[in-house]
Each structure stands twice: as structure tokens, then as C-alpha cells.
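Please keep the model open as you read.

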Amino acid sequence: MIINKNNIFVLETKNAHYVLGVDKYGYNHHLHWGKKCNADDYYIQKIKDQNSNHSVLDEFKQEYTPFGQTMYRGCAIKAEFADGCRDICLNYNGYEIEENTLKLKFSDNVYPLKIVLNYSVCDENDIITRWTTVKNNSENSIYFEKLFSAEFNLPSKKPYTFKNTNGAWGGENIETNTTLESGTFVSESRKGTTGHNQSPYFIAYQNADEKIGDVYFATLAYSGNFKVKAERDLFNSTRIIIGISDFDFKFELKAGEKFDTPKVFCGFTQGFGDMSRQMNKFAIDYVLPKTFNNKPLPILYNSWEATEFDVNCKNQSALAEIAAQIGVELFVMDDGWFGKRNNDRAGLGDWFVNKEKFPNGLDELISKVNELGMDFGIWVEPEMVNRDSDLYRTHPDWAYHFDTRYSCELRNQLVLNMTRKEVQEYIFDCLNNLLSNHNIKYIKWDMNRPFSEVGAENLDCQQMLWYLHTKAVYDIVDKLKELHPDVAFESCASGGGRADYGALMHYDQVWTSDNTDGIDRMVIQKGYSLLRPIKTMRAWVTDIAGINKHCSLDFRFNIAMQGSLGIGGDLTKYSDEDIEICKKNVALYKEIRNLVQFGNLYRLMDIDEDEVLFNQYVNEDKTESVAFIAANGTRFYKKSIPMRFDGLDENKRYTLTLNDKTYNKSGAYLMNIGIDLEIRGADYNRIILIKEA
């Protein structure tokens with residue numbers, strides 16, 4: 001709901017208010033974000049200059065801060081006009097309310113620049129979507145040096161702690177908590193993708209845990225260079241700007257053009273658990289592509305760790321036969337099927353079938369997979385090229401480069417200039433032909449290196465390449481999905497380097513990490529689950545049986561079944577006992593798949609803090625639940641640990657079986673008293689089914 005009280009706008013969701021206003025001088029003000037108050041009580045407080053060094057503009061809270069005048073704090077927008085002026089003065093031009101979206105309109109008082117602040121309210125999910133629209137009504141280009149999506153103001157004068165990540169390849173989503181006493185806190189990427197290190201969101205809180213405490217959050221729907229910058233000033237006010245990074249950034253808005261910044265999804269909750277559950281449901285209902293958003297994702301097998309580049313029809317068929325036996329629904333052939341691709345030094349860019357490996361073409365293998373009752377999927381890396389490829393030999397200028405610099409390689413490859421129309425057409429044609437000529441139901445789209453030598457001589461404003469590259473990827477995927485609506489797409493970038501809400505608006509799932517160790521995955525997957533939907537989190541069972549500690553096949557299934565299950569080991573080396581373990585767990589996952597992929601997640605114990613991982617998924621009507629318990633060696637002697645469940649109906653009765661003992665208890669008992677467990681050994685794991693009695 002959107003309420004207007006004399007240019008004070010109250011954005012009301014189920015549990016919160018977000019309030020902003022415009023004063024008589026045309027300045028935009030932020031008034032409140034948090035628990036609901038009486039809508040008639042909000043007003044714009046008058047503030048005076050402190051002295052000649054601390055102006056009124058620096059003190060009051062704005063929804064969107066332009067560069068200029070006596071505003072010295074961080075700004076959300078900065079531009080240069082044709083005459084060299086770099087100062088923006090905004091006048092208020094009114095508002096529109098279109099269904100659930102508020103549009104606040106502003107214009108510069110001299111130059112024909114229009115700015116619209118957009119707020120779309122999703123009442124039932126307690127989520128507000130924000131973005132900014134800029135339009136150039138002049139005859140000359142306007143060049144933006146900063147163009148952020150949104151600005152946020154936090155209410156308390158006390159310091160906030162910011163939860164983000166400090167990850168790496170193979171260790172994505174590792175949580176960090178930084179308390180901002182003064183100055184600035186920045187999370188960003190400068191690599192061309194969101195990357196493996198920091199995440200394009202903020203989670204700001206005070207004295208919060210899974211269940212209690214004020215939590216403010218916002219996540220950016222963008223897969224390129226991003227920046228999240230929080231500042232705490234001399235007035236003890238905490239502000240955040242979030243959007244496209246201003247690193248090596250210049251955006252040319254030509255005469256008559258309009259631009260919408262990437263969207264930001266934001267909310268206010270009590271505790272991290274509600275935050276995760278709200279965003280999980282919101283993402284499924286409103287963000288994910290509609291073809292598969294409400295459908296359970298299939299159990300897949302991926303051949304990479306079994307064969308790597310040495311793929312051929314015979315060994316892939318052998319793997320497919322075993323995969324079908326254990327209940328796999330989608331067989332995915334990974335790298336090595338195209339060009340002269342026998343290692344990572346050649347072939348990228350040549351998206352034609354390797355005749356030596358597949359003398360009868362791909363359809364021989366695809367038909368075999370289909371006869372076994374599985375769909376077929378395939379790996380591609382369209383944004384990259386090897387020097388040793390027909391594509392590069394023909395079009396060396398298609399890679400980003402500076403004529404006077406040597407182009408650095410990472411993983412023996414270069415990045416294609418996706419801002420060039422002919423490159424976009426080539427990639428689209430290759431993938432469209434692949435999907436049109438073969439019965440392929442799944443594309444794993446990889447991207448294995450960041451940008452360097454970022455020259456794009458085809459652009460008048462070369463710093464636009466960072467944004468235009470990301471947009472080109474989105475456009476190609478969207479066009480392919482329109483032509484091939486039954487094909488699912490997975491976003492991968494050396495693991496979780498493109499696992500953001502921008503990707504999730506176009507891809508159906510993401511690859512969480514190249515690290516498939518079950519022990520490490522307990523931490524990686526927790527970090528992923530904070531703000532991203534569980535069903536999009538691909539999680540494999542592989543032959544990595546613990547990098548530093550051993551973990552059993554059952555243990556690895558326990559962890560992987562807490563996302564969208566995949567299998568990636570060399571099945572031809574599995575014993576009969578291993579195959580039976582696979583069959584058992586795959587069958588169990590099919591039984592609980594809807595609970596995991598669409599249920600409400602409760603993180604009840606943390607592997608780092610409690611030495612035990614305890615996660616529970618509950619369906620919407622609270623009639624079914626599944627709980628996962630895992631530990632890999634607890635310290636000291638503990639007689640028993642009370643395992644208290646959550647998310648149940650305290651007035652319903654439930655049955656569950658644990659360690660060959662069946663319990664029939666009320667929801668109140670299970671949540672407040674729980675079941676005592678002795679958790680022993682170096683490889684403890686249990687999966688508990690809970691059903692209404």
C-alpha cells in the first residue's frame with residue numbers, strides 16, 4: 001500500500017513502513033524505515049546549519065543525494081553536462097502512483113535532466129523494489145560519473161554491524177561482520193562480474209540473531225561491477241549507497257535516451273531467519289524466470305569430475321547408464337565436447353562438435369541419454385576465447401584489448417568484447433543452432449576469468465563496456481529462453497562468481513562453488529542461504545570426500561540435499577554399496593525435494609558456533625518438514641544436545657522417527673523442549689522426516 005499525506009509518502013508492507021517526503025523547497029527526505037507507526041504522525045523536521053563547515057544539506061537524510069552545492073558526504077549521482085558543469089540541482093516535479101509503484105519525479109533547475117525515484121511495494125513479502133530512472137531531454141550527451149540505484153538511511157544513532165562476505169574461489173559466501181563506528185565500509189567488485197569475494201548486498205543489524213533484532217537489508221540485481229558503500233558521519237547517521245560501481249565508470253546518456261539502473265530489493269525484519277525466508281519466497285514468486293520458478297529442479301549428473309576434457313560418446317554413455325540406475329533425471333556433459341578442446345589451452349570460441357570425439361555427432365549420445373529416461377544438458381563458456389582457436393585466428397580484435405598492451409591470459413583465455421554487435425550475434429547464433437539442432441534441455445553457462453586490458457575501440461565511451469557486457473549476457477540468455485522456453489539455464493563463473501539477483505532474473509539456477517567438499521559446503525551454503533533462494537543453489541555430491549577431514553558418501557548427500565541436488569563423481573568407480581547409497585539418497589531427495597526447494601528454512605544450529613549443523617525446512621501449511629543434522633567431530637564430552645525444532649504449528653501433533661525410535665509430540669513440545677541427541681563420531685549425519693500426525 002502507498003499512502004500520500006501532503007507529499008509525505010508511506011510505503012506500507014505487511015510488517016513495516018518505509019517513509020519519505022518532499023519539502024516546500026523540493027528537497028527529498030528520508031523519514032523512517034522500520035516498524036509501523038500512525039501514518040498521520042510523520043513530518044519533515046526542520047534542520048539548521050551547524051556552522052560554516054557542516055551544512056544543513058550534510059545533516060538531513062535524503063532518499064537520493066546529488067553531487068553539488070554544500071553537500072560533502074557521499075553522493076548517489078554525479079554527472080557532467082555539455083558545458084562542463086558537474087553540479088546537479090534537483091527540483092521536484094510531482095509524483096505518480098501506478099498500482100503498487102510510486103514514482104517521484106525531479107529535474108535539474110537548469111539542464112534538461114529528468115530523474116525518477118521508483119519504489120515498488122510487495123506487501124505480502126515485506127519487500128520494496130527500488131531503482132532510479134534518468135532521462136536526457138537535451139541535444140547533447142550527459143556523462144555520468146556515478147549512477148547508483150538507491151540510497152538508504154538507517155534510523156538508529158548507534159553503530160550498525162554489516163554482514164557481508166570475504167570469500168574466494170572455492171570459498172564463496174564466507175560471512176564477515178564489520179561494525180561501522182565511523183568513516184566508510186565498502187563492498188565491491190572490479191572484475192567484470194560480481195565475483196567470489198564481496199557480495200552485492202548489505203545486511204545491517206544491531207544485537208540480532210536468527211530470531212530477534214532489527215535487520216535492514218538490500219540486495220542489488222546486477223552481475224557486473226558493483227559497489228555498496230556505508231558511511232557513519234559526525235551526526236552518527238549511517239547511510240548506504242548501492243549500485244553499479246563507479247570504478248572505471250562513465251555512462252553516456254545520449255540525447256533523448258532514458259536509462260533504468262539495476263533494481264534493488266530491500267526489507268526490514270526481526271532476525272536473519274525471517275530475512276532469508278522473506279527473500280526466498282519473494283525470489284520464487286517475483287524474480288526468477290517464470291518457466292521454472294514454481295517447478296522443482298531436476299536431479300542432475302555432471303560428467304566433469306569423472307572425465308574432465310576426455311569426453312566421448314562411449315565414456316559419457318557409460319556414465320549415463322549408471323546415472324539413470326540411481327535415479328538421475330538430467331545428464332549434463334561438461335567441457336571438452338567442442339573444437340580442438342583436449343585441455344584448457346585451446347578450442348574456446350569454436351562451438352562446433354569435435355568430430356574425433358563424436359564421429360556420429362552429438363545426437364548419438366543425446367538419444368542414448370533420452371532412451372535411459374533422462375534429459376540432456378551441456379556446458380558452454382560463450383564469453384571466452386582461446387588464442388589457439390579458429391575464432392581468435394579469424395577475429396583477434398574480438399577480444400578486449402589495447403593495441404599497445406599485451407593481453408593477459410587467465411586460464412589460458414581472453415574475454416570476448418561482448419559490446420560488439422557481431423560478437424553478440426556470433427554467440428547467439430552458435431547457441432541457438434546448438435539448441436535448435438539437438439534435444440538439449442539444459443545449458444550450463446560458465447565464465448572462468450575476470451576482465452583485463454579493457455579496451456573496446458568500438459565504443460565512443462569505453463568505460464561503458466562493464467555495464468554493456470553484462471547487459472549483452474542478459475539479452476542473449478533472454479532471447480534464447482524466448483526461442484527455447486523448455487531449456488533451463490544455469491549461471492556459473494568459476495563457481496559462484498555470478499550468483500547474484502541480476503543473474504537470477506535471467507537464469508534459473510546458479511552454481512554455488514567449485515568446492516564440493518561436504519564439510520566446506522556447510523559454511524558456503526549457509527552464506528548463500530542468507531539472501532538467495534534455496535532452489536537456485538546447485539549442490540553436488542562428488543568424490544571429494546573431505547579436503548581436510550574425511551566425510552562419507554551419506555554425509556555428502558546430507559549436505560547436498562539441502563539445495564538442488566546434483567551428482568558429479570566418477571560413477572564407473574563406485575562399488576555396489578556406493579551405488580545403493582546413491583539410490584537410497586536420490587529416492588529420499590525426490591520425496592523431500594519440494595520441502596527443500598520451496599519450504600521455509602530455519603537455521604537452528606551453526607557448524608562453526610555450535611559444532612553441529614542443524615537446518616530445517618517446513619512447508620507453508622506446516623504439515624510436513626525435514627531436518628538435516630550433520631557434524632564432523634565434536635570436541636569434548638557432551639552427554640546430549642537438545643535439538644529444538646522450529647516453524648511448526650504449536651497446536652498440531654507430529655510424528656518423527658530418529659535412531660529407530662518413533663516420537664509423537666506436539667509442535668510446542670518439539671520447538672520448546674525438543675529431542676535430546678548424543679552426537680558422536682567423526683561422521684555424524686541424520687535426515688529427519690516430520691509429518692503431521
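## How helix α4 packs

Cys313, Gln316, Ser317, Ala320 and Glu321 of α4 touch Glu364, Leu365, Lys368 and Val369 of α5, where contact means heavy atoms within 4.5 Å. By class, four of the residues in the contact of α4 with α5 are nonpolar, two are polar and three are charged. Here Ala, Val, Leu, Ile, Met, Phe, Trp, Tyr, Cys and Pro count as nonpolar, Asp, Glu, Lys and Arg as charged, and the others, Gly among them, as polar. The axes of α4 (residues 313–326) and α5 (residues 363–371) come within 10 Å and cross at roughly 10°, so the two helices are roughly parallel to each other. Axes are lines fitted to C-alpha atoms, for helices over the stretch in contact, and angles run from 0 to 180 degrees between N-to-C directions. Angles under 35 degrees count as roughly parallel, over 145 as roughly antiparallel, 65 to 115 as roughly perpendicular and the rest as oblique.

With α12 (residues 576–598), α4 packs at an angle of about 50°, the axes being 8 Å apart, and α4 is therefore oblique to α12. Ile322, Gln325 and Ile326 of α4 make this contact with Ile579, Cys582, Lys583 and Val586 of α12. Five of the residues in the contact of α4 with α12 are nonpolar, one is polar and one is charged.

## About the model

This is a predicted model, in which local features need pLDDT of at least 70 and side-chain atom pairs count only at pLDDT 80 or more, while totals for chains, interfaces and linings use all residues. Residues are numbered from 1 along each chain as its sequence is written, and side-chain values use heavy atoms, with hydrogens and water left out. Helices (H or I, at least four residues) and strands (E, at least two) are DSSP runs, numbered from the N terminus.

## The two largest pockets

The largest pocket holds about 890 Å³ of space. A pocket is an open set of points on a 1 Å grid over the protein atoms alone, where a 1.4 Å probe fits, with protein on both sides within 12 Å along at least five of seven lines; lining residues have an atom within 4 Å of a point. Grid points are joined across faces, edges and corners, and a volume is the space filled by probe spheres set on the points. The largest pocket is lined by 41 residues, and Glu210, Arg603, Leu604, Met605 and Asp606 are the closest to its centre. Helix α10 gives the most to this lining, with six residues. By class, the lining has 20 nonpolar, six polar and 15 charged residues.

The second largest pocket has a volume of about 620 Å³. Among its 29 lining residues, Trp131, Phe259, Asp260, Thr261 and Pro262 are the closest to the centre. The largest share of this lining, six residues, comes from α8.

## Two positive phi angles

Most residues other than glycine have a negative phi. Ser494, which is not a glycine, has a positive phi of about 50°. Ser494 lies in the loop between β27 (488–491) and α9 (501–504) and counts as buried (under 20% relative accessible area), at 11% relative accessibility.

Asp660 also has a positive phi, near 65°. Asp660 sits in the loop between β35 (653–658) and β36 (661–666) and is exposed (over 50%), with a relative accessible area of 80%.

Key: Buried < 20%, exposed > 50% of the residue type's maximum accessible area, 1.4 Å probe, protein only.
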